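Thank you all for coming. I would like to walk you slowly through one structure today, so please keep the sequence and the picture in view while I talk.

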Amino acid sequence: LRSIGLEGVLGSRACRERDLACALVVLRLVAPRSKLATCRGLREETATTSLALELNLGDVADEEIYAALDWLGARQTRIETKLARQHLRDGTLVLYDVSSSYCTGRHAGLAKYGHNRDGKTRFPQIVYGLLCNAEGCPLAIEVFEGNTADPNTLHAQIEKLRQRFGVKR
């Protein structure tokens with residue numbers, strides 16, 4: 001995480017939320033689990049890695065994990081803009097892929113019934129689109145209502161590339 005500058009991309013100033021967000025990203029890559037299991041894996045008495053020690057996190061409460069996710073969500077535009085500045089040039093190939101995930105909960109505002117790629121037709125879903133540079137480095141993600149057809153997500157991405165990221169061609 002340090003060699004690729006993840007900390008600086010997430011936030012220019014050190015803070016508890018940034019450190020927790022870094023831990024969440026790293027653990028999602030090396031040992032994906034639920035948020036509760038991730039929190040337990042960071043606690044000294046139930047640690048599954050030395051990451052909490054490396055990041056000097058101390059004791060981690062469940063609520064802090066959710067607060068760190070809210071912190072990340074509020075910074076999404078800034079993070080995406082930093083990534084685009086680092087990894088995107090005008091006139092380069094941009095990759096875009098759309099996928100979906102079905103939802104079993106009851107409080108997902110964007111979850112709607114639509115074409116389900118997993119064959120889980122009895123569940124509502126969300127649709128999400130991922131923008132990457134030519135090397136496959138993720139730059140931005142956007143979530144859409146579950147009944148949004150794939151082609152209908154493209155216009156928003158083209159506008160994002162032009163307006164926010166300054167890509168003209």
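Predicted model: local features only at pLDDT ≥ 70, side-chain atom pairs only at ≥ 80, totals over all residues.

Helix H6, residues 76-87, lies across strands E2 and E3, and H6 runs at about 140° to E3. Helix H7, which covers residues 151-164, lies across E1, E2 and E3, running at about 145° to E3.

Let us turn to the sheet itself, and ask in what order its three strands are arranged. The sheet is open, its order is E1-E2-E3, and the pairing is antiparallel. Strand E1, at 94-102, and strand E3, at 138-145, stand at the edges, and because each of them has a single partner strand, one side of each is left without a neighbour in the sheet. From one strand to the next, the twist averages 20°.

For those who are new to this, strands of a sheet pair through backbone hydrogen bonds, either parallel or antiparallel. Here E1 and strand E2, residues 125-133, pair in the antiparallel sense over nine bridges, and if you look for Val-98, you will find that its bridge partner in E2 is Gly-129.

My last stop is helix H3, residues 35-42, whose buried residues are Thr-38, Cys-39, Gly-41 and Leu-42. Seen down the axis of H3, these buried residues fall within an arc of 160°, so they line one face of the helix. What covers them, then? The cover over the buried residues of H3 includes helix H2 (16-30), helix H4 (51-54) and helix H5 (62-74).

Notes:
Residues numbered from 1 in each chain as written. Heavy atoms only, no water. Pairing = 2+ DSSP bridges. Helix = DSSP H or I, 4+ residues; strand = E, 2+ residues; numbered from the N terminus. Axes fitted to C-alpha atoms, helices over the stretch in contact; angles between N-to-C directions. Contact = heavy atoms within 4.5 Å. Buried < 20%, exposed > 50% of the residue type's maximum accessible area, 1.4 Å probe, protein only. Arc of directions from axis to C-beta.
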